[in-house]
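We will go stop by stop, starting with a term you will need.

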Amino acid sequence: MIPAPVLKIFSQWISKTLHVLEYEKILARLAGFCDFSASADLARTLQPSNHFDEVTRLLAETTEARFLLSSHELNIGGSHDIRASADLAARGGVIDPQQLLEVKTTLIACRDIKKSLAHSAEKAPRLAQIAAGLPEPFGIVDAITRVLSERGEVLDSASDKLANIRREVRMARDRLMSRLQKYLTDSAGKLQEPIITQRDGRYVIPLRAEFKGQIKAIVHDQSSSGATFIC
């Protein structure tokens, strides 16, 4: 066993050597070449190794990665840094639609790169072995696809209850629009314009002031001139 004072002196020597070599600047430059934020974080924490076998392994992995990158056989397109979302979900937090879409595209990219490296196992056996350990989505991609559109909108297929509620809302809106359209037809001469608009989330029509009370309606607003009531 190496005495503690010797280890301390050795650690101080290593730290001084890395400082003289501007090792932190080297790592920062390396991180700048990373397209993925999680990879950049890993690059900034790299430390030299004095174990021959480990150094040999890492150099071999780097050689494989350089070959695949030069031959355009390696791609992480669609990936996002979902660490914060995953941590939030693990703690029972609520993930918003955009975060869920990022999880979906990241899992798809993970699945694709796993397949790609499996097909390149002869050229990159070490990286293929690492990729084999990537997690399977276990239906998460399909579940998110069923719930969210590509624009992050919650789909009717998210649940039977939601589908029923939205169907009832559409039917109620259709009945309302039909009734308003009847107002437009029956009261055309009493309206400032034969149009249906929205005011504060309500569907309204512009009634000429002199005809106030001649149609069954609630006045929500009045024009600055007083010539029109918004009903």
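A residue is called buried under 20% relative accessible area, exposed over 50%, and partly exposed in between, using a 1.4 Å probe and protein chains only.

Before selecting anything, note that this is a predicted model: local features need pLDDT of at least 70, side-chain atom pairs count only at pLDDT 80 or more, and totals for chains, interfaces and linings use all residues. Residues are numbered from 1 along each chain as its sequence is written, and side-chain values use heavy atoms, with hydrogens and water left out.

**Stop 1: the whole protein.** Show it as a cartoon. There are 9 helices and 5 strands. Helices (H or I, at least four residues) and strands (E, at least two) are DSSP runs, numbered from the N terminus. Along the sequence the order is α-α-α-α-α-α-α-α-α-β-β-β-β-β. The radius of gyration is 32 Å, well over the 17 Å that the globule rule gives for 231 residues, so the protein is more spread out than a compact globule. That radius is taken over C-alpha atoms, and the rule is 2.2 Å times the number of residues to the power 0.38. Turn the model: its C-alpha trace spans about 100 × 40 × 35 Å along the principal axes. Buried residues make up 23% of the 231.

**Stop 2: S85.** Select S85 in helix α5 (residues 83–90). Is S85 buried or exposed? Its relative accessibility is 5%, so S85 counts as buried. Leaving out residues up to four places away in sequence, S85 touches I95, Q99 and V103. Contact here means heavy atoms within 4.5 Å.

**Stop 3: D35.** Now select D35, in the loop between α2 and α3. D35 is exposed, with a relative accessible area of 79%. D35 and S79 are 44 residues apart in sequence, and their C-alpha atoms are 9.7 Å apart in space.

**Stop 4: the helix pair.** Two packed helices are described by the angle between their axes and the distance between the axes. Select α2 (residues 23–32) and α3 (residues 37–44): their axes come within 8 Å and cross at roughly 165°. That makes α2 roughly antiparallel to α3, a label for angles over 145 degrees. Each axis is a line fitted to C-alpha atoms over the stretch in contact, and angles run from 0 to 180 degrees between N-to-C directions.

Show the side chains. L27, L30 and A31 of α2 meet A40, A43 and R44 of α3. These contact residues divide into 5 nonpolar, no polar and 1 charged. Ala, Val, Leu, Ile, Met, Phe, Trp, Tyr, Cys and Pro count as nonpolar, Asp, Glu, Lys and Arg as charged, and the others, Gly among them, as polar.

Key. Parallel < 35°, antiparallel > 145°, perpendicular 65-115°, else oblique.
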